[in-house]
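Colleague: I'm new to reading protein models. Could you walk me through this one, feature by feature?

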Amino acid sequence: MTISSATSSPGRAASREADLAHRFTQVRTLTLDLVAPLSDADATVQSMDDASPAKWHLAHTSWFFETFVLRDHVPGYEAFDSNYAFLFNSYYEAEGARHARPRRGMLTRPSLDEIRAYRAHVDAAVQAALPGLGNDALDLVELGLNHEQQHQELLLTDILHLFAQNPLHPAVWPPQPMASVEAAPLEWIEGPTGQVEIGHAGQGFAFDCEGPRHAVLLTPYALASRAVTNGEWAAFIADGGYRDPRHWLSDGWAWVKGEGISAPLYWQQDDDGGWMQFGLDGLRSVDPAAPVTHISLYEADAYASWVGARLPTEQEWEAVATMHDAASGNQLDRAGPVRPRADAAASMFGNVWQWTGSAYRPYPGFKAAEGAVGEYNGKFMSGQFVLRGSSCATPRGSVRPSYRNFFYPHQRWQFTGLRLAKDLT
């Protein structure tokens, strides 16, 4: 992590503690709100290896604070339950053995109520400790809050994937009215060229993978003025896009054939041949003007080839995004049935994460943090691709133009979409 918030006076220290205490309450409350509609069974089941049960998310984010803040920085703190370190560690090798990720759904005990009690215990302990914590510990609280906001998005996408397995198509929340608008015409916006600096500028919080800031050389290019829409994607399907190997990367074509892929995840046709899409508010007709979502990098790349364009590089995307407000667009403000919205399709942020053609690799001069928290990002810099922006499930205020999301090219249970790019030379 990178945090530029060192305090140099008692007044600044007190202000930071008060801010963190307020944010801690907000973030931890929102997580509970997101799981409020779930039963113990809903919160226990694991729908696939990539997803985790809601109950596990609740416990893991609490384990993070208990381990890296309370255990390591509060003298005399005793763990709520000595078994939880094994059950709820995610991937921190430095923290020892842990329960296997694909078997998290087998944890019928502890119950959902017991996990809520665990959260309440950790919350009270962190709030009590905040006034006496040093800068290093406060940095870890900051990291923990940003970590939990990432898990809030994962909670929503994992719940959506779980409920999508139910043939009854149950809704987590009642449907909300959606604005009925036409898709804006797609225009091409020229981006900055020449030597451009990207990466976190050093003010405020950022994850370690967002830096160091460095110069890149950009040749003339343009980005699309909005994300690709459902209507445009339906045309790709109708034109045989999923049946024509000319548009696909070799690995992508093998994935399409091997998995029987013929549409974005959660799409299905009704009796009249129209497209429906399952969401957190149940099964609804696909909005042709809303951004397409739940597509893999393979699908995004094939669509770009089909229209004679390409995916942007992450450097191009960031060079344009620095001119936009990262807290704008359709992002998560409260618990509810998030969906991409047509009336926010032009925003660089919100609605859908945007695939880039850039591999998730370290920037020049990158160094992982010392200790277990150094495992947070660096060890995943292999075989994955970068997504930029944010989605309708991203907590507002938690991203920056330099924020780097990353997934494997076949994954699509997140709110993933695309914004096209093209060369101007």
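Modeller: Let's start with the database record, keeping in mind that this is a predicted model. UniProt, in an unreviewed entry, puts a feature called "domain: DinB-like" at residues 24-152.

Colleague: What share of residues 24-152 is helix, and what share is strand?

Modeller: That span is 60% helix and 0% strand.

Colleague: Into which domains is the protein divided?

Modeller: There are domain 1, covering 14-164, and domain 2, covering 188-423. These bounds come from an automatic or database domain assignment. The C-alpha centres of domain 1 and domain 2 are 27 Å apart.

Colleague: How do I read the interface? How many residues of each domain are in contact?

Modeller: Count the residues on either side: 30 from domain 1 are in contact with 31 from domain 2. Then look at area. Domain 1 and domain 2 bury about 2,600 Å² between them, and 69% of that is on carbon and sulfur atoms.

Colleague: And how many salt bridges and polar contacts are there between domain 1 and domain 2?

Modeller: For salt bridges between domain 1 and domain 2, the count is zero. For polar contacts, the rule finds eleven residue pairs across the interface, with both residues at pLDDT 80 or more.

Colleague: Which elements give two or more residues to the domain 1 side?

Modeller: Those are helix H1 (10-35), helix H3 (54-73) and helix H6 (135-164). H6 gives the largest share of the side of domain 1 that touches domain 2, with 18 residues. Sort that side by class and you get 16 nonpolar, seven polar and seven charged residues.

Colleague: Now the backbone. What should I expect for phi and for peptide bonds?

Modeller: As a general idea, most residues other than glycine have a negative phi, and most peptide bonds are trans. Now for the cases here. Arginine 109 and proline 110 are joined by a cis peptide bond, with omega at about 0°. Proline 110 sits in the loop between helix H4 (84-88) and helix H5 (112-129).

Colleague: Which residue does a cis peptide bond join to proline 212, and where is proline 212?

Modeller: Glycine 211 is the partner, again with omega at about 0°. You'll find proline 212 in the loop between strand S4 (204-206) and strand S5 (214-218).

Colleague: What about phi at tyrosine 266?

Modeller: Tyrosine 266 isn't a glycine, yet its phi is positive, at about 80°. Look for tyrosine 266 in the loop between helix H8 (250-259) and strand S7 (267-269).

Technical notes. Residues numbered from 1 in each chain as written. Predicted model: local features only at pLDDT ≥ 70, side-chain atom pairs only at ≥ 80, totals over all residues. Heavy atoms only, no water. Contact = heavy atoms within 4.5 Å. Buried area = accessible area lost by both parts, 1.4 Å probe. Salt bridge = Lys/Arg side-chain N within 4 Å of Asp/Glu carboxyl O. Polar contact = N/O pair within 3.5 Å; in protein donor to acceptor, adjacent residues only side chain to side chain. Helix = DSSP H or I, 4+ residues; strand = E, 2+ residues; numbered from the N terminus. Nonpolar A, V, L, I, M, F, W, Y, C, P; charged D, E, K, R; others polar. UniProt positions renumbered as here; feature names shortened; annotations may be inferred.
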